[in-house]
Amino acid sequence: MLFSKSKLKISVLEFISNTFGETQFWKTKTDELEVLVNLIHLVRPQHPEKLDKVDLQEIIVFLKKNPICATQLSLYLKEILTNKIFNKILSDAAILQDVDFIFEVKKRISAKFLPDQPQKNTLEYVLNQVFYLASDVIWVEKIPLEQLEELYVVLEFQSIYETIESHSVLAELLKSISLLSQRISGRAMETDVLKMVPEFEDLESPFVAFENELLKIQAAVKNSATHYITSDDETYLQLWIFHKKCEDFIETAFQNSSKYGISMRVNQSLLKIKQQLERLKVLIPLLVVESANDEKSNGIKLLLQLIKYNCYKNNVRKFIGESIQLISYEITQHTAKTGETYITEGRREYFKMLRTALGGGFIVGILCIIKVLLSKVDTSFFGHAFFYSMNYSFGFIAIYIFGFTLATKQPAMTASVLIKALEEGAKKEGNHFEKYKPFAVLFARVFRSQFIAFVGNVVMAFPVSLLGIWLIDYAFDYNIAEAKWNTLLTDLSPVHSLAILHAAIAGVFLFLSGIISGSVSNRDKHNQVYFRIAEHPLLKKSIGKAKTLKLSQLYEKKWSGLIANFWFGVFMGSTASVGMFLGLNLDIRHITFASGNLALGLYGANYNVSNSMLFWGIFGIGIIGLVNFLVSFSLSLGLAFRSRSISVFELRFVAISIWNHFKKKPMSFFFPTERKQQNSEDVEV
């Protein structure tokens, strides 16, 4: 039931009786639309998402027993709805209006607070005033179709096929279908879109053929006495063949994104065409009538669609979800390929990871000393932000160029590799826990790779920082950390500072660096940057074809990583200055830098620190590393889940599989206990 019987009789039925019980009583209202607004307000349930069904049977029975009310309500609704323009709702509402992602988001958010108001002669104006809540579509769709058909009869609505005159329902429907087909055909012919589907270069455009068939159907509807077609119409059947080819065109373009890359603008263009094709798949069947009941049901379906599209036209969450799914997939595909290098398998790879992590720790130890020196420079917030950022950026770039490893950088990359394994496990049949066993083995490899990277970074950063500050003191008789030792040590404590929050901020930046790397690589691939460098006529003439080709290959391999590391450094170096400017206690904490700062703090205090401070400093390094890992890994895993539309409920089986594997082989989570095989699977020893 929509309401309890007593409430229904007191509110909705009484309102209908008082308003429509006398001839044209509703015309005494100054604003005719106000009556409909009040009626829907009384019918609207408070929590529609909790209802299985919205029952209007009592209203229908009341109208049948009170023909005067039914007649007056019918006249009222017809006066409001007749000759209202609505083609823009069908052709525009809930469909991308601009291929600029940021502009579209801003526009929709703005419309949430201050909705666009069309002219009063449009149906969109009526729907905006009456069904102004996003949840309205939920309860409207829960009204049984048979009850809506009863209302249709009781209120004596005419068939939508009765006339095709200007601004009639059928005329507006045909106009919206025509607009959609023309827009699809035009956008599909754009150069950037065609670039995605070279397979269709020598073929006739399916969009042009689709539009031609649609014109034939529109002519048939207009010229026939009944103003509709049947489902066995040859042109109608041929139309769906071309519609399927249009869908194949878009699907091929999306699939080719792994070959040719894709920009956000092209992604939005393809998404817009896809949405328009889906809209036509809903609207075109409304031109088909097989029985007298179809005339009635098609009119009701059209009204429901109008309400739905109008309610969802400013939906920001759905728009962002659809827009970023493919882009996030391509980004995570790139990080998956990169992430494979961060996962150790055998002992040789394990100890190689240790060596590269030691190299990363060596550079970070130097960066810690340089940062303390830079803190003594007398400059502005911006100056410190610039110097710190360049220190971090060039340090991270050096780590990247020399092939070293920075702990916690891997989680943002390896999450996608895990998702790929998860996808493969989900496709297998059998016991949930058994089919995810290979995934558990892979997770153990990932975990121990992170573990040894932590160890290598921390073990090296501490002595390098200690040696560096001692050498400076020995050479210049100046302890650079003497004035800052208390801050350096206190900032490591998770109970005496905001170390956990600051470690989480660093984890977000680690995640963003992975996003930047994937997006830059994807953009360059789509813009054919590598090929353009390799075939650049001036470069080939000046340095030769071989060196030009090598340069393009080096760009393809390294550029995205260089950019990502540069911006990671900027994020890390400018956070504290931005926090000071905003009056917020913002900063970053990274496990490797924390290790170096511990060494600097101890030397600055001449090793005269309390056991409590030393304990919290060492304990804080572990906590900082854990938070770095959890935040960056969780964000990356969430992005990978979204990009592949995997249900998070699968994680419960995955977690149990990992736990079972841990109980069986706990040491495999810290040390290599597997023998590397020629095939893709690992055999445990």
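Which way does α12 pass α13, in a left-handed or a right-handed crossing? Keep that in mind as you load this predicted model.

**Stop 1: α12 and α13**

Select residues 206–223 for helix α12 and residues 234–255 for helix α13. Their axes lie 9 Å apart and the packing angle is about 155°. An angle over 145° counts as roughly antiparallel, so α12 is roughly antiparallel to α13. The crossing is left-handed.

Now show side chains at the contact. From α12, pick Pro206, Phe207, Ala209, Phe210, Glu213, Leu214, Lys216 and Ile217. From α13, pick Thr235, Tyr236, Gln238, Leu239, Phe242, His243, Lys245, Cys246, Phe249 and Ile250. Colour by class: the contact of α12 with α13 divides into twelve nonpolar, three polar and three charged residues.

**Stop 2: Arg187**

Go to Arg187, in helix α10 (residues 169–188). Which residues does Arg187 contact, leaving aside its neighbours within four places in sequence? They are Val99, Val193, Ser269, Lys272 and Ile273. Leu270 and Arg187 are 83 residues apart along the chain, yet their C-alpha atoms are separated by 8.6 Å.

**Stop 3: α2 and α7**

Select residues 32–43 for helix α2 and residues 123–130 for helix α7. The axes come within 9 Å and cross at roughly 45°. α2 and α7 are therefore oblique to each other. Their crossing is right-handed.

On the α2 side, the contact uses Leu33, Leu36, Val37 and Ile40. On the α7 side, it uses Tyr125, Val126, Gln129 and Val130. By class, the contact of α2 with α7 has seven nonpolar residues, one polar and no charged.

**Stop 4: α9 and α16**

Select α9 (145–154) and α16 (292–312). How do these two helices meet? Their axes come within 10 Å and cross at roughly 105°. That makes α9 roughly perpendicular to α16.

Show Leu145, Leu148, Glu149, Tyr152 and Val153 in α9. They meet Asn293, Glu295, Lys296, Ser297, Ile300 and Leu304 in α16. This contact of α9 with α16 has six nonpolar, two polar and three charged residues.

**Stop 5: the largest pocket**

The largest pocket has a volume of about 1,400 Å³. To find its centre, select Leu77, Leu81, Tyr152, Phe157 and Leu303, the closest of the 46 lining residues. Tyr152 was also part of the α9 contact with α16.

Which elements give two or more residues to the lining? They are α2, α3 (57–65), α4 (67–81), α7, α8 (136–140), α9 and α16. Colour each one separately. α16 gives the most, with seven residues.

Finish with a class colouring of the lining. The lining of the largest pocket divides into 33 nonpolar, nine polar and four charged residues.

**Looking back**

Hide everything but the helices of the pairs. α2 and α7 are oblique, α9 is roughly perpendicular to α16, and α12 is roughly antiparallel to α13. Helices α2, α7, α9 and α16 each give two or more residues to the lining of the largest pocket.

Note on methods. Residues are numbered from 1 along each chain as its sequence is written. This is a predicted model: local features need pLDDT of at least 70, side-chain atom pairs count only at pLDDT 80 or more; totals for chains, interfaces and linings use all residues. Side-chain values use heavy atoms; hydrogens and water are left out. Axes are lines fitted to C-alpha atoms, for helices over the stretch in contact, and angles run from 0 to 180 degrees between N-to-C directions. Helices (H or I, at least four residues) and strands (E, at least two) are DSSP runs, numbered from the N terminus. Angles under 35 degrees count as roughly parallel, over 145 as roughly antiparallel, 65 to 115 as roughly perpendicular and the rest as oblique. A crossing is left-handed if the near helix is turned anticlockwise from the far one by less than a right angle, and right-handed if clockwise. Contact means heavy atoms within 4.5 Å. Ala, Val, Leu, Ile, Met, Phe, Trp, Tyr, Cys and Pro count as nonpolar, Asp, Glu, Lys and Arg as charged, and the others, Gly among them, as polar. On a 1 Å grid over the protein atoms alone, a cavity is a set of points where a 1.4 Å probe fits but cannot get out, and a pocket is an open set with protein on both sides within 12 Å along at least five of seven lines; lining residues have an atom within 4 Å of a point. Grid points are joined across faces, edges and corners, and a volume is the space filled by probe spheres set on the points.
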